[in-house]
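Subject: A structure for you to look at

Hello,

Here is the structure I promised to pass on to you. Please open it beside this message and follow along as you read.

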Amino acid sequence: MTRKIAILGATGSIGKSTLDLVERSPERFEVVAVTAATNVEVLANIARRTHAKLAVIADEARFRELEQLLAGSGCQGAAGEHALITAASEADLVIAAIVGCAGLRPTMAAVEAGKTIAIANKEALVTAGRLMIDAARASGATLLPVDSEHNAIFQCLAGSRREDVSRLVLTASGGPFRTASAEFISAATPEQAVAHPNWSMGAKISVDSATLMNKGLELIEAHYLFDLPSSRIDVLIHPQSVVHSMVEFVDGSVLAQLGSPDMRIPIAYALAWPERIETPAQRLDLASIARLDFEKPDLERFPALRLARSALESGGAAPIILNAANEIAVASFLAGRIRFNEIVRLVDWALENGHSGAPKSIAEVLEIDRQTRERVDAEVKASCD
Ligand code: NDP
């Protein structure tokens, strides 16, 4: 039986890798809906190519253009937040690959509808992890992690009892500045920051990898997905990006998942779960890699990881504030408005100056997110004047 798929964020890096796999196995997958923010031409091309029934553009100003581009294709066009939220309604499997907190409402709608969700959109889990896990329990939704580290842990946990797990180890490549001096890092340009040594990804996550905020977000993501406290989730720098993460069990056994650094491997696992499908990813040749290195993260040069851990341990609104401040700071850095080391300073500032309790609803999460964005944006403007 074919699986009906909705790809939220089809025009992005994860979206494209997903499409590559789906188009190689037309007997298994039928794309029913695809979405994007503004990239209307690419979205229409994807919709035509995949024979999707629905294409949603978040930016309502581009609706007319989308309709024109889809004319005669049999694919219905739609626009705006509401259309984005309902885009996945016809799907069995939803690929949540919108970047940032913008993906929260559509992902949450899929969770509440009891769908199977391949979740790449880590910011949705960071900001609303508790609410999302509780909603999944209530609706019977299944969350399949796509982030390579969480997917690795998910694979290592298959067939194990949760009470036998003692520790998770998230591996991190260390990003483009792993060996750089603090002076070099502080003056890094957007071009240098997005030039990831091992992975090809969207701009935001590439900058997050350069600050190590990505690993901090993943720490919070792992806490919610696998229900373990911060004290039982370690981070280890592993520059080759071959070991994607590990699980230590109570008997001292450690299971790791290995593979070449190609997102099509974890995406394929989520697409076909509980089965596996072939991927064109390069096979791992350990003899030619020859060595695997591991080191502790340097929290002096990469304080983002410390901030994220402390936000997780503080709980309440702290992870939402951390994420929102980071999103605004990264966008400001990419736009050339602030220097690289200002990203973490702004996140620290937002956490120091923002206080509120744990949100009880998605509306509250989004309100904390909105207020934080406004505050950090004003701080960026003030620092530019
Ligand atoms: P990209 O920037 O490449 O793509 C983002 C997608 O989201 C695009 O389709 C974009 O549309 C859409 N989008 C952006 N903003 C909005 C919005 N406001 N409303 C609706 N849609 C929006 O990101 P990635 O594919 O790199 O990352 C996606 C998610 O997956 C992130 O959460 C990231 O952390 C996570 N992830 C990514 C990995 C990777 O290898 N890339 C690895 C692990 C996790 P448009 O093209 O029109 O802008």
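Below are some notes on aromatic rings, strands and a pocket.

First, this is a predicted model, in which local features need pLDDT of at least 70 and side-chain atom pairs count only at pLDDT 80 or more, while totals for chains, interfaces and linings use all residues. Residues are numbered from 1 along each chain as its sequence is written, and side-chain values use heavy atoms, with hydrogens and water left out.

Let's start with the rings. Rings of Phe, Tyr and Trp (its six-membered ring) pair if their centres lie within 6.5 Å; planes under 30 degrees apart count as stacked, over 60 as edge-to-face and the rest as tilted. By this rule there are five aromatic pairs. In one of them, the ring centres of Phe177 and Phe340 are 5.3 Å apart and the planes stand at 85°, so this pair is edge-to-face. It links distant parts of the chain: Phe177 sits in the loop between strand 8 (165-172) and helix 8 (182-186), and Phe340 is in helix 16 (residues 340-353), 163 residues apart. (Helices, H or I of at least four residues, and strands, E of at least two, are DSSP runs numbered from the N terminus.)

Phe177, Phe184, Phe333 and Phe340 form one aromatic cluster.

Now for the strands, which pair if DSSP finds at least two bridges between them. Strand 5 (residues 93-96) runs parallel to strand 6 (residues 116-119), joined by four bridges; here Ile95 has Ala118 as its bridge partner. Strand 6 also pairs in the parallel sense with strand 7 (residues 142-145), over four bridges, and Thr116 stands opposite Thr142.

Finally, the pocket. Which part of the chain gives the largest share of the lining of the largest pocket? Helix 10 (residues 203-211) does, with five residues. The lining residues divide into 19 nonpolar (Ala, Val, Leu, Ile, Met, Phe, Trp, Tyr, Cys and Pro), nine charged (Asp, Glu, Lys and Arg) and 22 polar (the others, Gly among them).

Enjoy exploring!

Best wishes
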